[in-house]
Each structure stands twice: as structure tokens, then as C-alpha cells.
Amino acid sequence: MAAVGSTAMRVLDDMFFPCTIESISYADGVAVAWTIRYMDDGTIECITDLDELVLGKDAAPPCVSLPLVFDQVAPFLTPWEHATVIRNLSKDLRALAMQAHRWLTLVVGPEPPDIRLDRYLHWLLHLPTDAGLVKTSVTTLKATGLHVTDRDVGYIIRQCPRLLHLGLAYCPLVSYQIFPLLQFPALQLGSLDLYMTRVVHWEMLLLKAATGDIVEVYPSGLVPFRVAADILAAATHASHATMTGIEVCFVDTIQLDATAYVDDDWGAKHAFSWSRAILPVVRISGETFVFRSEDDMTRWLTEKPQWAALLATPRALRQRPEKAKDPLDEQAKLVFASLQEWKESLESQVNALTVAFMQAQEEHRAAKDAYDTVERQRVAVEQQANRAVLALSMGRDSAIELVITTFIGALLWHRDMGRALQLQHFVVWDGLLGHTMAMQLYDAVVRLHQVPGDGLAFERGALAGGKTGRNLRYEMSSVRGDDVLWLDGTESSCPPVIVATMRQIDRLVLERLGAVQAELQRTSLTRQRAMVTCYPGQGASYIKHCDNPNGNGRKITAILYLNPHWTDTDGGELMIHRRESALVTIEPVLDRLVLFFSDARVPHQVAPTAVKRFALTVWYMDWDEYMAAQLFTDECTHTAERAKIESEIRKFES
């Protein structure tokens, strides 16, 4: 029973509107009117028919499934509406329209307005679905009645890899040219409907799918049947009918002699080869056509009114007349024959040269292997000779006994310099030259600093220069306070003891370390000019830096200290920054050699000096990296480096 305050559903035209009962009017104790308020907009209305109210548990409106409604509406939509209008109504409908299984069968027609047909086909096949594009999902495509061309048909077949059935019924522009267009290995087509097209005698042009099966082709079905009128009248059965000006009759082909009565017409000859003996014949406006079966005739009679405007009379296949021989064609054939002969001659020559080239490669490879063997032997002998000279210059019997004599701090002790350099990235060795030779080197360096030789004069140490060394350079004593002299050992006034020292360091690095240290074995090392440095005291220092911060080619830094009277208060120690803020301090005492990698693995600095501090520094270059920096640094990199250097100068000045 309806009660005041209860909820109900108002039913109007099969639509449900939720409401509440506000009041009930009675007459003689019987309810005659109900006042309701709609929940959606608050409108009040009085009704007198209780059947318009649904009360109790049935008050909830029935739930209509959107996919169910879509399934009922979708068959009545054209592809244009399916792909444009429906997709733009809501997200739910877009999701339903993008389901791939809805595109398994695609009916292309009718053609939409204001768009070219080939573009419409391309756009339709490239619509997105939840499984890719439409063309990857469609298995059946029907283009009934559209003005598609043979080229359009070939495009459809190649774009749809899963297409099994293609319907082209009543397509007036389709011709026999579709058969050569469909001759390709990846054809997956199973059947092709060419009903009411120009294709009549398709049996001469078979299609095979990629599986090897022959594609089932449904031809035009409207075959001209031109026999003499009296023969046709005599063979006509009594059962016939007339439909809208079309006379239908049946012909018994067994009673006809195909060779005697057929008027040299392919269609009539073809009709005698069909499996059925009694064939339906149709007369239209004086033209006579024969059908393969009564089913074909029924289909044509049913669909003809719809496609009458598109129906074109099928044309028989005519043999193309032979073309007259053209003298230019004959001359072209001769030219092509001579070119083919020339091509074969060139191919034989190329083959012979290829064989000769491969033999030359084998001989070159064998000669190179022999050369490499001899070269390795020569290098081994040269290394032994250099080690012997190095041992004799140091007053030792054998160069094999060269070991690290001193390590600084609590670092690991190693007797193998290569292993020590690999583990801690630097090595310290005391007594490289011996005291006598070290003092001679010290005296020569002091004399050069006090009395410059011919063309040999100390200058203030410069900073930056970039990767190539040719970029912006500047001097700033608060950053670097040493005086430097560059030597390569070929100067006329260069002291001989400096040349001998450079050779000594070369033998140690290039021969000893280069042969045993794994990283250096893979590197082509070459020495740069030596640098003699003098920190003049008065707090001169060099802030924390790396010798190769930007790939300038420096691989190993070798520093030989020349300070015979150094004390703890003199300063000038080399401070190597280790990980976790640890520092290794190396005193610059006489005849102490420090070797370390020049890159970012060994950042270092020179502590402020109180007295003059002398050292000889030599850099050993990675030749490949050095040449790459010199040759392949472009203008853009050069400009960026200059901007960085200018920013660095401003930072130091501030």
C-alpha cells in the first residue's frame, strides 16, 4: 500500500522517475489521488492512476546494460557513423566501439559524402582498436555497390593480413585486372565474391592463397546466352514466369548440340560445361542470360532492383590483336643482348679479381704474422738491453732487483711497483738517482734558476689552457705560485745531467712499469716535455687540482724532488687526497720520485712553502687520447671551455 513519505517510481512511456509520496486524497474511504514530488528536480504533481506508480521492492528502475543496447544498435550503423558519431558520444561508447571483435566483419558501404573513396578506405582500415588497428582484426570485408577500382582491391588485400572473405558484389569498376594484382605469396584470402561484376569467366585466372589452397571465386553470375531464337523456343520448358518485365525459363542443355547451335559465343559454350543440365535463362529487353543454378537466378532477381543503377553488362574477354613489329624494338633487343653479354663478362672478371684479392689477403695475413713475431722478439731484446743499461747506470747487477724501497704512511707495502700503482694509484720511491747524481741535478737546476742559460728562463706558472692547451690561459699567484722552465733535452744549453735524469725516468716508466702494469700495457705512452719548478717561498702554493681533468692526454705524472736541506718547517709537501677525506702527505726530500695517475683518481695540492722548493716533473701521455683532444676538439667545445675558464677566473678573483 502507498503511504505518505514512502518512495515510488513514476512510470511514463516505459521510463522510470524516482519520487516520494507527499499526500493522499480519499473519497468515501477510498484513495483517489496521490500527490508526488520528483527527486531529481523537486517538481510536485498529482496523479489519479495508481498503475502509474511502482511501489515496494519493485520501485527500483530496471538496469539496462549499455553493451546490450550497443549490440542491438550497432548492426544498423554505417562504418562512418560507427567510427565518428558513436566514438564521440561518450567514453563508454568509445570503449565499446574500439573492441576488436566488433570489426571482424566490416561492411564498407555506403560511401560517405565529401571524401574520396580511397582515402575513406585508408582511414577506415587504420582506425584504432583495443588490439591494434582495424586492418589487423577484420576477416570479412564487404564493399557491395561501391565504385572501388582494381587498385583499391589490391590495397585492401595487402593491408588486411587476416582477411578471409572479400565481397565485391555490384562493384561496376572491378575488372579482370584484380587477378594479377592479387598474385603475391602472402595472400590469405579464402573467397572472393564478384557477383554482378564484369568478371564472368574467372576460371582462366586461378588464385592461390599462401596455404596452397585455391581461392573460391564467385563470378558475375550473369552470363550472356546468345543462341538462335527458334532453338531457344524449342528448348524452353512449359514452366516459366514473368516478373516485372523479366521472362524466366529453363533450358535443357542435353537436348542441345553445343557445336551445332551455339553462335560462337563463349558464354553459351561455357554453359554446356556446367554440372547442371537444366539451367535457368532470363530474357531482358531482347537480351538473354543464363545462370549456373536457380539459386544464382533467385539472388539476382532479389537484388537487381536495389543495384539496377550500378549494373553493367559483363564484357567477354577479347583477345588483344598482335602488335606489329617495330624496328626500334628489334634494335633494343640487340642492344639488351649485347649489354647482357657485357654484364656476364664483367661478372667473370669481378669473380677472378675477388679470388685474387682473397689470395692476396691470405698472403698479407701470413706476412703480417711473421712480422709481428719478429717485432715482438725485437722489442723483447730492446727491453732487456734497456734494463741492463738502467741497472749499470744505477750500479746494480740486474734491473730485476728494482723495488719500491719506501712507502709513506700506513699504506700497503709492495715490492711490485705495477701492483702498488694499481691498488693505490700512486707510488713513492726514494733513491732513484743516488745521492751524487741527485746533488749534481740539484746544482744544475739552482744555476738555471739563478743564471738563465741561452734561451732558458723561468716564467710564472700558468693555469687552464683547456683540453688542447691552446685555450685561455691566466696567471694567479693565490692559486698557483711556482716558477717553471720547460725542457725537452734537445736545447744546446740544457745541462747533461737533466738529459740523463729524463732518460732514467723514461726507462723506469716506459720499460719497467709499461711492461708489468695492466692499464699501461693497453696504452701507447709517450713523454711530454719536462718541467723544472721552483716555489720561491713566501707562502707560494698550488691549490687542489688534477693534472688531467678534461681528457687532455696526460696518463702518468712523475715528480722528482730536489731539496737536500728540507726540514719540517720548510713546507711545500705534496698532499694527495684519498677517499673519505683522508690525506697522504709526502715530504719533497732530495732524490724522491713520486709516480701517480694524472686523472681524477689522484687529486693533489702543494702546501705553502717557506723556502725555495725545487722539483723536476715529467708527464707521460696517452697518445690516442692526446691526439683525439688535439684533432677532434671542435669550436663549440672550445667556446664552452673558454666560458668555463672565465667563470673560474671570476670565482678566484672574488
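This is a short chat about some local features of a predicted model.

Me: What is the mean pLDDT of the protein chain?
Reply: The mean pLDDT (the predictor's confidence in each residue, from 0 to 100) is 77, and 74% of the residues reach 70 or more. Since this is a predicted model, local features need pLDDT of at least 70 and side-chain atom pairs count only at pLDDT 80 or more, while totals for chains, interfaces and linings use all residues. Residues are numbered from 1 along each chain as its sequence is written, and side-chain values use heavy atoms, with hydrogens and water left out.

Me: Where does pLDDT stay under 50?
Reply: Residues 60-64 are one such stretch, and there the model has five contacts (heavy atoms within 4.5 Å) beyond four places in sequence. Residues 237-243 also stay under 50, with ten contacts of that kind.

Me: Switching to helix 5, how many of its residues are buried?
Reply: Seven of the ten residues in helix 5 (residues 150-159) are buried, where buried means under 20% relative accessible area, exposed over 50%, and partly exposed in between, with a 1.4 Å probe and protein chains only. Helices here are DSSP runs of H or I with at least four residues, and strands are runs of E with at least two, numbered from the N terminus.

Me: And what do those buried residues pack against?
Reply: They pack against helix 4 (117-125), strand 9 (140-142), strand 10 (165-167) and helix 6 (178-181); among the buried residues are Val153, Ile156 and Ile157.

Me: How many bridges join strand 2 to strand 3?
Reply: Strand 2 (residues 15-27) and strand 3 (residues 30-38) run antiparallel and are joined by eight bridges, and two strands count as paired if DSSP finds at least two bridges between them. Within this pair, Thr20 stands opposite Arg37, and the hairpin has two residues between the strands, with Asp28 taking a positive phi near 55°.

Me: Which residue stands opposite Trp34 in strand 4?
Reply: That residue is Ile47; strand 3 and strand 4 (residues 44-47) pair in the antiparallel sense over four bridges.

Me: Back to phi, what is the value for His425?
Reply: His425 has a positive phi of about 70° although it is not a glycine, and most residues other than glycine have a negative phi. His425 sits in the loop between helix 12 (417-424) and strand 18 (426-430).

Me: Is His425 buried or exposed?
Reply: His425 counts as buried, because its relative accessible area is 18%.
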